[in-house]
Each structure stands twice: as C-alpha cells, then as structure tokens.
Amino acid sequence: ADEGGLELYREMVSLLAALPALEGAGLHDFADRLARRGAEDAFRTATDLVRWWLAHMIRDGARGGNWGPGVVPEEEGCAGRLFAAAGVDRWMEVWDKVSRLTDQVEGLNLDRKQVVINLFTTMAGAVRA
C-alpha cells in the first residue's frame with residue numbers, strides 16, 4: 001500500500017491486457033516511474049507483482065484455466081487469452097527469465113527502466129510466438 005501497489009497493479013494489468021502489442025507511451029511512463037531515483041521500493045513491488053501474476057496465470061492455466069475474477073476489471077479474460085497464446089512450457093520459460101532478470105537488478109546495477117521494458121518485451125514475444 002505504501003508503494004501504491006494497487007495503482008502499480010492497474011498499470012501492469014493494462015499493459016498485460018494489450019499484449020502482444022506494446023503500448024509505447026504507457027510502457028515507457030510505467031518504466032520511467034519505476035526507474036526514478038528513490039523508487040527502488042516501487043520497482044521491487046512492481047516486479048514482484050509481475051512475477052506473482054505470471055505464477056498465478058501459469059498455475060491456473062495448468063489446472064485447466066479456472067481463472068476466477070480479476071483484482072481489477074482490465075484483468076477479465078486477460079490471463080486466459082495470454083495463456084492460450086503460449087501455453088505452460090513457454091510461460092514457464094518467461095517466468096524463469098523474468099525472475100532471473102529481476103533478481104539481478106541490484107547486484108549487476110542494471111538500468112531499471114530497461115529491465116521493465118525487457119520484461120514486457122519478453123512477455124509480448126511469448127504471445128507472438
């Protein structure tokens with residue numbers, strides 16, 4: 001709540017709902033917000049939310065797609081559509097890549113904006129494939 005998690009979640013889901021299209025201005029605004037000096041906690045919150053969302057989508061998809069209601073209206077049908085586009089194996093690869101990349105941000109002093117853009121580019125690639 002302190003990091004504006006619900007607002008971050010809404011923005012993230014809006015970007016996910018647009019996949020495989022990458023909404024350029026929205027993605028860059030989201031990434032800029034997370035890359036600002038002093039936004040380290042917001043960045044961690046947002047990347048944790050991405051990983052959490054992916055894990056739940058994969059789990060629910062592997063169990064036959066019982067998606068349940070979304071947290072925000074934009075989620076309606078999003079997980080099912082994305083899961084159907086790539087399947088469990090491909091999404092597991094994406095989750096692994098996203099997890100490794102977000103775990104390495106601080107240790108390797110990676111550009112947080114580029115990491116956020118990379119996360120969504122990776123997910124868009126899964127949907128296109």
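This is a predicted model: local features need pLDDT of at least 70, side-chain atom pairs count only at pLDDT 80 or more; totals for chains, interfaces and linings use all residues.
Phe30 and Phe120 are both buried, where buried means under 20% relative accessible area, exposed over 50% and partly exposed in between, using a 1.4 Å probe and protein chains only. Residues are numbered from 1 along each chain as its sequence is written, and side-chain values use heavy atoms, with hydrogens and water left out.

**Aromatic pairs**
- The structure holds 2 aromatic pairs, counted when ring centres of Phe, Tyr or Trp (its six-membered ring) lie within 6.5 Å; planes under 30 degrees apart are stacked, over 60 edge-to-face and the rest tilted.
- The ring centres of Phe30 and Phe120 are 6.1 Å apart and their planes meet at 85°, so this pair is edge-to-face.
- Phe30 belongs to helix H2 (residues 24-35) and Phe120 to helix H5 (residues 112-128), so the pair ties together parts 90 residues apart in sequence.

**Overall fold**
- The protein chain has 5 helices and 0 strands; helices (H or I, at least four residues) and strands (E, at least two) are DSSP runs, numbered from the N terminus.
- Along its principal axes, the C-alpha trace of the protein chain spans about 40 × 30 × 25 Å.

**Burial and contacts**
- Of the 129 residues in the protein chain, 40% are buried.
- Among contacts (heavy atoms within 4.5 Å) with a separation of 6 or more, 78% join residues 24 or more positions apart.
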